[in-house]
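Open your viewer and get ready to select a few pieces in turn. We will go from strands to helix to core.

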Amino acid sequence: SSLNLTAVTSGWGLARLEPRVLQVDGQAVTTLRGLQQVDGHQIADTHSHVRFNGPEGQLDQLHKAVAAGQGRSVFNGAVRVPRAAQRTNASQLSRSLLLSDRARIDTKPELEIVADDVKCAHGATVSSLQTDELFYLQSRGIGLEEAVSMMVSGFCRDVFNQLPMEFAAEADKLLALKLEGSVG
């Protein structure tokens with residue numbers, strides 16, 4: 001069996017997503033893609049839990065967050081691989097982008113592995129827009145707001161690409177509108 005879940009959260013005062021996946025008999029494939037955009041005083045939480053109860057299961061999880069203003073993004077991802085889940089291949093990655101000094105990102109990907117024949121990885125990064133990259137775009141005649149919008153759109157692209165085309169275009173427009181007031 002397989003599960004593909006892509007979720008984009010933006011514009012809510014408080015948003016929470018709690019995907020819970022149990023791969024019962026093994027040989028299942030789970031793909032999770034998430035993007036949170038927070039601004040102002042918004043808070044977005046994602047708390048995921050994936051458990052493998054059989055052999056040869058797969059997980060590919062990517063969580064992204066863009067935080068501006070005083071927005072706060074939380075990611076807590078748990079992956080459990082008990083002894084029965086031999087030959088599991090699981091990857092969990094959290095990537096976050098801070099657009100202001102007052103925004104906050106809390107991220108905690110975690111693996112609990114008891115099986116001994118697995119390929120599992122997890123990681124987290126939190127970064128801000130690089131001034132040299134913004135300068136490069138501006139030196140080619142692109143204004144600051146457009147340069148920021150381009151960079152954030154590129155950061156979000158791999159999640160947007162998982163959405164149906166009409167939703168991806170709308171998500172891109174919504175993100176651009178939200179960024180207009182965040183540049184500074």
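Which residue in S4 is the bridge partner of leucine 5? Select leucine 32, the partner that leucine 5 has in S4. Before going further, note that this model is predicted: local features need pLDDT of at least 70, side-chain atom pairs count only at pLDDT 80 or more, and totals for chains, interfaces and linings use all residues. Residues are numbered from 1 along each chain as its sequence is written, and side-chain values use heavy atoms, with hydrogens and water left out.

**The sheet.** Show S1 with strand S4 (residues 29-38): they run parallel, joined by 9 bridges. Strands here are DSSP E runs of at least two residues, helices H or I runs of at least four, numbered from the N terminus; two strands pair if DSSP finds at least two bridges between them. Now colour the whole open sheet of 5 strands, S1-S4-S6-S8-S10, paired in parallel. At its edges, strand S1 (2-10) and strand S10 (119-128) each pair on one side only.

**The helix across it.** Next, pick H2, which lies across S1, S4, S6 and strand S8 (89-98) at about 150 degrees to S6. Axes are lines fitted to C-alpha atoms, for helices over the stretch in contact (heavy atoms within 4.5 Å), and angles run from 0 to 180 degrees between N-to-C directions.

**The cores.** Select Val66, Leu97, Leu99, Leu129, Val152 and Cys156, the residues with the most contacts inside the largest nonpolar core, which has 19 residues. Such a core is a set of buried Ala, Val, Leu, Ile, Met, Phe, Trp, Tyr and Cys residues joined through side-chain atoms within 4.5 Å; buried means under 20% relative accessible area (1.4 Å probe, protein chains only). H2 supplies its largest share, 8 residues.

How values were computed
Buried < 20%, exposed > 50% of the residue type's maximum accessible area, 1.4 Å probe, protein only.
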